[in-house]
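I am opening my notebook on this structure.

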Amino acid sequence: MEAEGQTAGCSSLTTKELQQNLREVKKKDRPVRLLFEISSAHILQDTLKKHVVYTVAVMRSGSFDSHRVSVQRRYSDFWRLHQRLLEELQEELEEVLLPPKLLTGNFSPDAISTRRLALQDYLARLFATRHVRHSPHFAAFFTEAEQRRAHGLLRAGRFAAAAEALQAVLEIQEKLLPWQKATVTVPTLSALAVCQRDLEEPERAFGAAQGALPAARRYGLRPYRAALLEALVDLGYRLGRPVALLQEELVALRDAERGEVSSLSLKELVIREFL
């Protein structure tokens with residue numbers, strides 16, 4: 001009887017494991033897409049006039065995504081995005097219309113609510129257009145303003161604030177990666193590595209630089225590749241990591257492309273971004 005009970009327990013456990021594995025397989029097979037929610041809108045008043053700011057949350061569906069990341073955009077930002085996409089993909093956007101400007105009543109609660117939902121639908125329709133979701137202009141809409149701010153903080157020596165802003169940018173870029181080239185994260189990870197090295201966090205700096213290197217190799221970003229290798233060798237020595245292969249790669253890169261590979265350090269490269 002005891003043996004039968006043990007057998008039944010094993011059988012039951014195996015069934016549970018199979019059911020769990022099946023659930024995991026189904027979860028992985030779900031198509032992943034981006035969801036956009038304009039969760040709120042509020043009026044800001046500056047010295048000259050007032051305008052409406054929309055909070056746009058970016059989430060991934062089809063997989064567990066507990067952390068939504070938000071950016072704030074004005075109608076003029078949506079308008080600039082649409083103009084850039086029209087220049088690149090005019091035929092693709094024939095049926096995707098940007099909600100028009102309002103001539104009057106822009107700041108009434110009903111108008112703001114109606115436009116908020118219309119812009120949310122507009123983003124969903126853009127994403128449903130294949131060439132749009134692969135366009136660098138689409139990715140830049142969600143990150144460029146924050147990247148410029150982060151690099152400004154970095155150039156001012158405010159490394160902790162810059163690192164925090166860059167981390168938020170990276171989270172959005174990682175959500176975009178199924179449709180964007182991995183090169184989109186290279187400047188962000190490189191800037192993070194610079195901040196963390198100056199904050200005396202060599203372990204985190206090494207991890208950020210290491211994360212940027214594969215895309216720099218694969219897509220031929222030679223200045224970044226050389227600067228990342230140089231930074232990794234330096235950080236690796238400080239951390240007691242094996243760096244011989246990285247050093248060999250750096251020497252081979254510079255020998256093979258003498259005069260073509262930038263001699264700028266990673267910090268010098270990062271500082272020149274988003275000027």
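**Entry on L266.** I looked up what L266 touches, leaving aside its neighbours within four places in sequence. The list reads S190, A193, V194, Y224, A227, L228 and A231. I note that the model I am reading is predicted.

**Entry on the cores.** Next I asked which residues have the most contacts inside the largest nonpolar core. They are L154, C195, Y224, L228, L246 and L266. This core has 41 residues. The most comes from α9, which gives nine residues. I also found a second, separate core. It has 31 residues, and L93, L123, F127 and L176 are among them.

**Entry on α9 and α10.** How do the helices α9 and α10 pack, and at what angle? I found an angle of about 150 degrees between α9 (residues 222-239) and α10 (residues 244-256). Their axes are 9 Å apart. Angles over 145 degrees count as roughly antiparallel. So α9 and α10 are roughly antiparallel to each other. The crossing of α9 past α10 is left-handed.

I wrote down who meets whom. From α9 come R222, R225, A226, L229, E230, L232, V233 and Y237. From α10 come L246, Q247, E249, L250, L253 and R254. I sorted the residues of this contact by type: eight are nonpolar, one is polar and five are charged.

**Entry on L232.** I picked L232 next, which sits in helix α9. Is L232 buried or exposed? Its relative accessibility is 1%, so L232 counts as buried. The cut-off for buried is under 20%. Leaving aside neighbours within four places in sequence, L232 is in contact with F206, A209, Q210, L213, V243 and L246. I also checked a distance from L232 to A208. The two are 24 residues apart along the chain, and their C-alpha atoms are separated by 9.7 Å.

**Entry on H151.** Why does H151 count as buried? Because its relative accessibility is 2%, and under 20% counts as buried. I then looked up its contacts, not counting residues up to four places away in sequence. H151 touches L166, A191, V270, E273 and F274.

Key
Residues numbered from 1 in each chain as written. Predicted model: local features only at pLDDT ≥ 70, side-chain atom pairs only at ≥ 80, totals over all residues. Heavy atoms only, no water. Buried < 20%, exposed > 50% of the residue type's maximum accessible area, 1.4 Å probe, protein only. Contact = heavy atoms within 4.5 Å. Axes fitted to C-alpha atoms, helices over the stretch in contact; angles between N-to-C directions. Helix = DSSP H or I, 4+ residues; strand = E, 2+ residues; numbered from the N terminus. Parallel < 35°, antiparallel > 145°, perpendicular 65-115°, else oblique. Left-handed = near helix turned anticlockwise from the far one by under 90°. Nonpolar A, V, L, I, M, F, W, Y, C, P; charged D, E, K, R; others polar. Core = buried A, V, L, I, M, F, W, Y, C linked by side-chain atoms within 4.5 Å.
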